[in-house]
Amino acid sequence: MCDTCGCNITEGNRHLIEEGGKHAHASAVEVLSNLLHENNHAAAHNREHFDRHHVLTINLMSSPGSGKTALLEATIEQLGKKYRIGVIEGDLETENDAARIRAKGVPAVQIMTGTACHLDAHLVHTALHDMNLDEIDILFIENVGNLVCPASFDLGQHYNVTLLSTTEGDDKPAKYPVMFRAADAMIITKSDLLEVLGDFDPQKATQYLRNLASPADVMTLSARSGEHIDLWIEWLHGHFEQQQQRIAEGATRKPAIQPDGIALHADL
Amino acid sequence: MTRCWNWRRNNIKLASQPMHELSICQALVDQLEGIAAQHPGKQVAEVYLGIGPLSGVVPQLLSDAFSVARAGTCASTAALHIHENEIIVRCLSCSRESTATANRLLCSHCGEWQTELVSGDELLLERVELEAFDRSGESSPAYH
């Protein structure tokens, strides 16, 4: 068993390591590395690309149909003249979302993942080959619609923004804690439906988010009616300025997706 | 340096599976292959992981996925041991530590919501044990 310090050898297993035993020539390697070491390495590489080109990169995550593409369309309408925007779209199939973005005059690269439930850093790196970062100020990565898997994969983004639509129920942060804990900002979308639905309480949703020890900004808005979209636009302005400030100081930022516990123990 | 002959083929096959535990297992087997390559003549016998409830990974699914991902590799007969860590938070207000559940990371002493995670989000390959390759004839992973 263990031939580095002998700590694992007991009377019960000594026969295994004595000459002729199954593990007589075994050796142990203490590793302590993150299982996603390769992905994290590729994500760091992507992040260097973004910083070198002074790009702010935001990963949008949510369940399918919560309004990620609609929010991007509204964002382009509001900010398309001030910032040069680019979009990477992740879906299992179709170019539909990329076509919606391109119709707004913004470059979009579609990643079709087949049956895979999330984007990873390597897929994003490949997509970057089709995107000229010199011509982009803010890059949005619209992740595959899924409240579970995308939270585990760093893509190289600076911020995670998680959408929660009013039709989904205000207890989603309690049901999907890993996803919502990874959010730097939570956007409650489709606020124009609040009155019709009657049972979604934005304050409750925020409380469930705080129960995850998350200090994330919370914005409640409607991409369709334009209600409170200015909160999101101001958020983007502020975080774009912060990104430029960090680059000037030679610093970068990783989103909340990287677990602190791993950073304490592992070689990242 | 030994390499598992069908590793690349596995990579392509697994990349299209709709469960992120498979992607993670693929990354795990990749790391195991790297470790085995540094120890000529040895294969992976035991693999020890530390997983926290906030890692986003379900240990049972990871275990099931490993039995697929390991096939035909240098870990084809390896046993997977998963240690499930508990969630512990430290209060930013009273500085005390307490155990917590995945969707309620509050300080159990003073009720403060602003806490930092001490453990519970780990996704760690902690330790690997290697044994002499195919000495007993019990296992015969396909190598060049």
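Mentor: Helices are DSSP runs of H or I with at least four residues, numbered from the N terminus. Axes are lines fitted to C-alpha atoms over the stretch in contact, and angles run from 0 to 180 degrees between N-to-C directions. The model is predicted, and local features need pLDDT of at least 70. Residues are numbered from 1 along each chain, and chains are lettered from A.

Trainee: Why are H3(A) and H10(A) called roughly perpendicular?
Mentor: Helix H3 (residues 68–79) and helix H10 (residues 229–248) of chain A pack at about 70°, with axes 11 Å apart. Angles under 35 degrees count as roughly parallel, over 145 as roughly antiparallel, 65 to 115 as roughly perpendicular and the rest as oblique. H3(A) and H10(A) are therefore roughly perpendicular.

Trainee: What makes the contact of H3(A) with H10(A), and which classes does it hold?
Mentor: Contact means heavy atoms within 4.5 Å. H3(A) contributes Leu71(A), Ala74(A), Thr75(A), Gln78(A) and Leu79(A), while residues of H10(A) include Trp232(A) and His237(A). The contact has 7 nonpolar, 3 polar and no charged residues, where Ala, Val, Leu, Ile, Met, Phe, Trp, Tyr, Cys and Pro count as nonpolar, Asp, Glu, Lys and Arg as charged, and the others as polar.

Trainee: Why is H2(B) called oblique to H3(B)?
Mentor: In chain B, helix H2 (residues 20–37) and helix H3 (residues 59–69) pack at about 55°, with axes 9 Å apart. That angle makes H2(B) oblique to H3(B).

Definitions and conventions: This is a predicted model: local features need pLDDT of at least 70, side-chain atom pairs count only at pLDDT 80 or more; totals for chains, interfaces and linings use all residues. Side-chain values use heavy atoms; hydrogens and water are left out. Helices (H or I, at least four residues) and strands (E, at least two) are DSSP runs, numbered from the N terminus.
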